[in-house]
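Here is a short tour of one protein model, written for someone who likes to keep the structure open while reading. Have the viewer ready and follow along.

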Amino acid sequence: MAAKEDIHRNLIHSKSGTRVVAADDSCGSAFDLPEPPWSSDAEATKCKSCQAAFSFFNRKHHCRFCGEIFCGKCCEVGVPSVRQGFVDPVRLCESCLAIVKKDNEFMEKHLLVLTKGATFLIDEMPTFCLLTPTHKMLKLGETLDAVKLRSIIKVEDVQEDVSNPAAGISGVCLTYKRADGLEAKQELSVDSGELQQRRKSLVFIGALKKGLQVLHGPTPSSPRRR
């Protein structure tokens with residue numbers, strides 16, 4: 001069973017801006033990101049992106065997400081980086097701006113779906129699954145062991161008929177690493193009965209996939225036959 005989790009956060013002021021951060025690692029979110037180390041001002045003579053030379057008029061600016069140095073045009077004030085806890089919009093290079101916008105969409109929209117939870121069938125028993133408050137563990141009802149989110153290495157769609165993708169999926173199979181290092185699988189089946197509950201479960205699956213992409217890139221996925 002998963003231990004009780006609580007989130008404690010503090011407001012801090014850093015050289016990058018005002019941030020809301022976890023009091024310590026034990027109560028932080030699995031999606032939290034630290035500030036990156038900044039590249040040395042003394043060693044930077046040109047913009048990392050456009051290669052324009054720095055001068056009194058063309059000033060240096062650090063991207064708050066990658067820490068590299070850019071000119072003002074290539075590192076404008078963008079959006080708050082939610083995973084880093086920034087309260088206000090911060091300077092981001094073009095590449096990092098795209099990443100942060102995608103991360104923010106997950107944090108502000110899809111993460112809530114995971115923490116609210118959804119019901120699946122596990123071994124034909126209705127089981128309420130949800131992400132714990134610190135987003136580190138996927139809780140599978142009250143009797144099964146929770147799965148560490150970062151340990152999930154593969155999500156496979158389960159389809160009744162692989163030859164007919166239009167039929168939709170009937171669930172997913174999660175492959176994850178156990179504490180002993182061995183791989184294990186857990187299938188979450190969508191109840192085909194009540195339509196609203198089915199939709200809620202499918203939305204949960206979509207949010208879970210997005211969350212894993214945020215944590216460690218696209219998750220390998222392929223159709224799986226029952």
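Exposed here means over 50% relative accessible area, buried means under 20%, and partly exposed is in between, with a 1.4 Å probe and protein chains only. Please keep in mind that this is a predicted model, in which local features need pLDDT of at least 70, side-chain atom pairs count only at pLDDT 80 or more, and totals for chains, interfaces and linings use all residues. Residues are numbered from 1 along each chain as its sequence is written, and side-chain values use heavy atoms, with hydrogens and water left out.

**Aromatic pairs and charges over rings**

A pair of aromatic rings is described by the distance of the centres and the angle of the planes. Rings of Phe, Tyr and Trp (its six-membered ring) pair if their centres lie within 6.5 Å; planes under 30 degrees apart are stacked, over 60 edge-to-face, and the rest tilted. By this rule there are three aromatic pairs.

Helices (H or I, at least four residues) and strands (E, at least two) are DSSP runs, numbered from the N terminus. Phenylalanine 120 counts as buried because its relative accessibility is 1%, and phenylalanine 204 is buried at 1% as well.

Two arginines also meet rings. A charge sits over a ring if NZ of Lys or CZ of Arg is within 6 Å of the ring centre and within 35 degrees of the ring normal. Arginine 59 lies over the face of phenylalanine 56, 5.7 Å from the ring centre, and the charged end of arginine 19 sits over the ring of phenylalanine 86, at 5.6 Å from its centre.

**The overall layout**

The protein has two helices and twelve strands, in the order β-β-β-β-α-β-β-β-β-β-β-β-α-β along the sequence. Of its 226 residues, 38% count as buried. Contact means heavy atoms within 4.5 Å. Among contacts with a separation of 6 or more, 47% are between residues 24 or more positions apart.

In soluble globular proteins, nonpolar side chains tend to be buried together. A nonpolar core is a set of buried Ala, Val, Leu, Ile, Met, Phe, Trp, Tyr and Cys residues joined through side-chain atoms within 4.5 Å. The largest one here has 30 residues, and those touching the most other members are Phe31, Phe120, Leu138, Leu149, Ile152, Leu174 and Leu188. Elements giving two or more residues to this core include α1 (94-116), β9 (152-159), β10 (171-177) and β11 (183-189). The most comes from α2, with seven residues. A second, separate core of 16 residues includes Ala44, Phe65, Ile69 and Phe86.

Leaving aside neighbours within four places in sequence, the contacts of phenylalanine 120 include Met125, Pro126, Leu188, Phe204 and Ile205.

Two strands pair if DSSP finds at least two bridges between them. Strand β6 (residues 125-131) pairs with β7 in the antiparallel sense over three bridges, and leucine 130 has lysine 139 as its bridge partner. Five residues separate the two strands of this hairpin, and histidine 135 in the turn has a positive phi of about 65°.

On to β8 (residues 147-148), which pairs with β7 in the antiparallel sense over two bridges. Here methionine 137 stands opposite lysine 148. This hairpin has six residues between the strands, and glycine 141 takes a positive phi near 70°. In the loop between β7 and β8 you will also find leucine 144, which is partly exposed at 28% relative accessibility.
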